[in-house]
Amino acid sequence: MSSIVLIGLMGEGKTTVGKELVKKGFAPIDTDASIEDCEKMSISDIFAQKGEDYFRQAETKALKTLLVQDKQFVISCGGGMPLSEENRKLLKKIGQVVDLRIQ
């Protein structure tokens with residue numbers, strides 16, 4: 001089984017679904033939290049100090065590191081991550097992409 005990638009807008013249930021998948025043995029990854037750890041600053045500070053383009057490049061870099069991992073992850077993505085064509089391709093390589101939407 002491959003990793004599961006959760007995408008959707010804020011409040012659509014990525015965190016809730018992710019917690020349930022962790023119970024099934026998937027390692028949790030929150031891409032925004034990973035970027036904050038790597039950059040040693042908050043997402044809002046990255047945007048303010050380095051700009052959106054820098055942040056979007058950091059998202060792509062974070063995805064590329066997940067490609068070489070040998071684990072099953074449940075990955076919760078920031079809302080803008082799948083807007084990039086390159087990121088969409090990477091997400092599909094990483095695992096099953098699930099777009100959560102509240103009806």
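Start by selecting S76: this residue is buried, with a relative accessible area of 12% (buried means under 20% relative accessible area, exposed over 50%, partly exposed in between, with a 1.4 Å probe and protein chains only). Bear in mind that this is a predicted model, where local features need pLDDT of at least 70, side-chain atom pairs count only at pLDDT 80 or more, and totals for chains, interfaces and linings use all residues. Residues are numbered from 1 along each chain as its sequence is written, and side-chain values use heavy atoms, leaving out hydrogens and water.

Now show what surrounds S76. Leaving aside residues up to four places away in sequence, S76 touches L6, K14, I29, D30 and T31 (contact means heavy atoms within 4.5 Å). S76 sits in strand β3 (strands are DSSP runs of E, at least two residues, and helices are runs of H or I, at least four, numbered from the N terminus).

Next, select residues 73-76 and 27-30. These are β3 and β2, which run parallel and are joined by 4 bridges (strands pair if DSSP finds at least two bridges between them). P28 stands opposite V74.

Last stop: helices α4 (residues 52-67) and α5 (residues 85-94). They pack at about 20 degrees, with axes 10 Å apart (axes are lines fitted to C-alpha atoms over the stretch in contact, and angles run from 0 to 180 degrees between N-to-C directions). α4 and α5 are therefore roughly parallel (angles under 35 degrees). For the contact, pick L63 and L67 among the α4 residues, and L90 and I94 among those of α5.

Methods. Angles under 35 degrees count as roughly parallel, over 145 as roughly antiparallel, 65 to 115 as roughly perpendicular and the rest as oblique.
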